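Me: Please take a close look at a single part of this model and describe its surroundings. I would then like the account to go on to the aromatic rings.

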Amino acid sequence: MTRLAKRAAASSKRGVTMSDVAQLAGVSPMSVSNTYKQPAKVSPETRQRVFEAAAKLGYLPNLLAGTLASGRSRIVGAIVPSLRNSNFAGMIQGLEETLGQHGCELMLAVADDPERELRAVQAFLGRRLDGIVLTGIEHSPEVAALLRRADVPVVETWSLNGPFIDMGVGFSLFDAAFEMVQMMVQKGYRRIGFAGYNPPGNPRFAERQKGFEAALRQAGLRDDLLYFGPEALGFATGRLALEALLSSEPKLDGLFCVTDVLAAGAIFDCARRGWPVPDRLAVAGYGDYDIAAELTPGLTTVRTPGHAMGSRAATLILASVETGRPSERIIDVGYELVIRDSI
């Protein structure tokens, strides 16, 4: 039996300790501790040796003991309304990558209504997480009061339209929509419709609607061509939006959609009708999802930096835990109009 096999067999008869891992990896116990708690202090080669030794010995660090001793769980919670949105996926990836670089983990909850969000916040607080990342700035009074009383770092994302419970990372949803619709007007489109999701005034999309309406009012054009449909139907809601808006305005020549999914559905319906885009109907989206560049024609849309938003949110949480109060508490990550051929 090899030395490694003997050590693994001996370790199986008792609880594997940090010292066992350190001896097998040829490092100090402090290096093992830092590998799990402060990986930035350990070289990649040392971390790899520690992980390999831990895997061979079946070692799992006692995170609960570390939490009790340090007051930190090294876990950050994030709540998103959906996993269907690729931008939320980007934010989650940005959170996880940045947290992982500092020895922290991400706990995720999906909550698409105030009651579910409240339950998720209660569950996170009950587990004494290091911080919580929320989607949007619209929350029930119960959630806001609970988080303020808990005195835990909180970052609200995807909007700069405060006030914030604690900290914020986002961009101006209003400005992004306004700039897109203004460009459509400048290109000569005069009967532009809005495609959104139920219910009207949905907090996730209200600022985009306001930007849409403001751009049209500034141009002296009608701003009441509005459609709100079910989000769960996916691309089909884009078709339903086009049908409803055309019944109100048969000469509709432009469509601004609150997501690229809606925009793609509208473009698919134009293809079924034999309508060229943008000659018969210009279509703009929001999000720059993967499908946007693959459509024919390519979709003009708003690129939203989900990954950067997640990374910056994680940085704010970590800074709050480590220093008490970050110097920068509100971060604008900006947006970009991606011009393709649908306008």
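Reply: A residue is called buried when its relative accessible area is under 20%, and exposed when that value is over 50%. The model discussed here is predicted. Ala111 has a relative accessibility of 9%, and therefore counts as buried. Its place in the chain is the loop between β2 (105–110) and α7 (114–126). Apart from neighbours within four places in sequence, Ala111 is in contact with Ile79, Val80 and Pro81, and also with Arg116 and Glu117. As for Asn87, which is 24 residues away from Ala111 along the chain, the C-alpha atoms of these two residues are separated by 16 Å.

Turning to the aromatic rings, the structure holds 11 aromatic pairs. One of them is formed by Phe194 and Phe228, with 5.9 Å centre to centre and 55° between the planes, a tilted arrangement. This pair links distant parts of the chain, since Phe194 belongs to strand β6 (residues 192–197) and Phe228 to strand β7 (residues 226–229), 34 residues apart. Both Phe194 and Phe228 are buried. These two rings also belong to a cluster, linked by ring pairs, that includes Phe212, Phe256 and Tyr286.

Another ring, that of Trp275, has arginine side chains over its face. Arg280 lies over the face of Trp275 at 4.1 Å from the ring centre, while Arg273 lies over the face of Trp275 at 5.0 Å from the ring centre.

Notes
Residues are numbered from 1 along each chain as its sequence is written. This is a predicted model: local features need pLDDT of at least 70, side-chain atom pairs count only at pLDDT 80 or more; totals for chains, interfaces and linings use all residues. Side-chain values use heavy atoms; hydrogens and water are left out. Helices (H or I, at least four residues) and strands (E, at least two) are DSSP runs, numbered from the N terminus. Buried means under 20% relative accessible area, exposed over 50%, partly exposed in between (1.4 Å probe, protein chains only). Contact means heavy atoms within 4.5 Å. Rings of Phe, Tyr and Trp (its six-membered ring) pair if their centres lie within 6.5 Å; planes under 30 degrees apart count as stacked, over 60 as edge-to-face and the rest as tilted. A charge sits over a ring if NZ of Lys or CZ of Arg is within 6 Å of the ring centre and within 35 degrees of the ring normal.
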